[in-house]
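Colleague: I would like to learn how to read a model like this one. Please take me through it feature by feature.

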Amino acid sequence: MDLALTERDRGLLAGDEGPAAALAMRIIARMAGIFQAASLLDITQAHIDSTIYIGEANLEFAERLAGDGARVSIPTTLNVSGLDEHGWREWSVPSAWAEKALRQMAAYQQMGCLPTWTCAPYQTEHAPRFGQQIAWGESNAIVFANSVLGARTERYPDLLDICAAITGRVPAFGLHLDENRHGEVLFQIEGVPPMLQRDDSFYPVLGHLVGKTAGDRVPVIDGLSIEPSADQLKALGAAAASSGNIGLFHIVGVTPEAPTRQAALAGGAPGQVVRVDLPSLRQARRELTTGAGEGLDLVVLGSPHFSLAEFRRLAPLLHGRRHPNVRFLVTTSRAVAHLARRAGLLGPLDAFGGQLTVDTCILASPMLPPEVRRLMTNSGKYAYYAPGLLGAQVAFGSLEDCVRSAAAGRVSRDETLWTA
Amino acid sequence: MDRVIVGKPLVPGEASGQALVSREPLSFWGGFDHRTGEIIDRRHPLSGQVAAGRVLALPYARGSSTTTAVLLEAVRAGTAPAAILTTGPETFFALAAIVAEEMYRRPFPVVTIDSADFDLLESGMHLRVAPDGTITSSGGKTGDDRP
């Protein structure tokens, strides 16, 4: 299929807006060809995941674009970087590595991106609107924007996100289009007590199960008897986008494109119906834990980045002090950290002996000292990736479990909700 | 006997190597170590296998958007698979290959094949990928002894 290009598209390819914009447009046009897109469409916002420093190639790509004078043509936020810009020296980040990660941060800022440095851009003033066409990277942000806000983005990989931001153009494909947004596999929740549905720890577990089972199909969840909070939906999406290839989910009666089951499935029948009951949830919960032995080195919260509401939930749980052998870390954005400080929510964290890291997270930054081998978290995403990325063992628990374990110096989990 | 699979090149190129096959999708971020070429997703069936220089067959990439960055770094460092075979158009792998071509003039073929052909692939067979997307296999299963 021939790709229909506008006059400006052709001008970009010809180098009218400089060599960097031409490179970006060449990449966009080739991707359009692969997806047999008939045309490109305009986007009005971007979120760049390519900020995470991985190695020379990605730094070289960013510096080549910036050096060739690239500028983003639409409002563009930045995902987590490789380090806490002003706090990395308190951790084990090698300084040679830091120098490169800082160069990568500078290159993206030079292109005119907003230094938001967060994986939860949907919880900032830059959240997109319903129906808005955007190009977002960062799997958890993509799934939240599509599912909870009803904005429209494909799952943009690193490097393509910045090409979209520079040109303001993307292939008309995938989740940008109506016909690819309906549900394909139905998850029917049955016999799950409302008490458990209200608990925060239910959502990463449900997300893990849904992602793993749905694979690359759009899941529809039906049968929830409560209305989940934004942070619960964020936890669900982040876990589903880790275990599966999920860019969009629907929850009947909750998310904006799923007022009814029929609407979520676009009037069709689901290709598969999966019963979600307590035994299957217990199994998914077990999979999130790779080790829950006696010792514990670190309790870590905030993937995706902790929100102000989550700091509000955490503060009253913090009594006494963490065990001397257990670090207690919250990862968030600099903007939320500032608000939490102003709201008096960091006092209890300081008194507990907790620490705060902004701009990055333990998966994106080599910040943890090597002796940290045993982790505990309430995040499905941390639980999913920590064993591979950090070679650490991880225990998944609720927020309350995490605080209690940090004080006790060992993993302690309340099983009551899961054994009903 | 050699067997030929007709694939569709998403990003054309020539490669050959021993197949490394899984029906489970993989996120390269948290799943592949670009320093060593090892698959490090401890929940993945290929965990511990070295994918560098092999023809890696996966249905698609799951999870993180950073997969592309990890794969591009691996192409630069010489720890990438020789080629990737998928069962459908796959943004993450194809993009890494396109950018590798732009930046390093280094061909890294990504080819999509039918699910039925994918099912014939087995780790260990020798695969040769041609620029037109034709894949020639020797060793392993053939169409005749398919169960």
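**Reading the model**

Modeller: In chain A, 80% of the contacts with a separation of 6 or more join residues 24 or more positions apart; two residues are in contact if their C-beta atoms, placed from the backbone, lie within 7 Å. This is a predicted model, in which local features need pLDDT of at least 70, side-chain atom pairs count only at pLDDT 80 or more, and totals for chains, interfaces and linings use all residues. Residues are numbered from 1 along each chain as its sequence is written, while chains are lettered from A and ligands numbered from 1 in the order in which they are written.

Colleague: What radius of gyration does chain A have, against that of a compact globule?

Modeller: The radius is taken over C-alpha atoms, and the globule rule is 2.2 Å times the number of residues to the power 0.38. For 420 residues the rule gives a value near 22 Å, and chain A agrees, with 22 Å. Its C-alpha atoms fill a box of roughly 65 × 55 × 35 Å along the principal axes.

Colleague: How many helices and strands does chain A have?

Modeller: Both are DSSP runs numbered from the N terminus: helices are H or I, at least four residues, and strands are E, at least two. Chain A has 17 helices and 14 strands.

Colleague: In what order do the four strands of the open sheet stand in chain A?

Modeller: Two strands pair if DSSP finds at least two bridges between them. The order here is β8-β7-β6-β9 in chain A, with parallel pairing. Strands β8 (250–251) and β9 (272–276) of chain A each have a single partner strand, so one side of each is left without a neighbour in the sheet. Between β7 (residues 219–222) and β8 of chain A there are two bridges, and V220(A) stands opposite H250(A).

Colleague: Is S137(B) buried or exposed?

Modeller: Buried means 20 or more other C-beta atoms within 10 Å of the residue's own, exposed means 12 or fewer, and partly exposed is in between, with C-beta atoms placed from the backbone. S137(B) is buried, because 22 other C-beta atoms lie within 10 Å. It belongs to strand β10 (residues 134–138) of chain B. Leaving out residues up to four places away in sequence, S137(B) touches D2(B), R3(B), I5(B), M125(B), H126(B) and L127(B).

Colleague: What pLDDT does chain B average?

Modeller: pLDDT is the predictor's confidence in each residue, from 0 to 100. Chain B averages 91, and 94% of its residues score at least 70. Over residues 142–147 of chain B the pLDDT is below 50.
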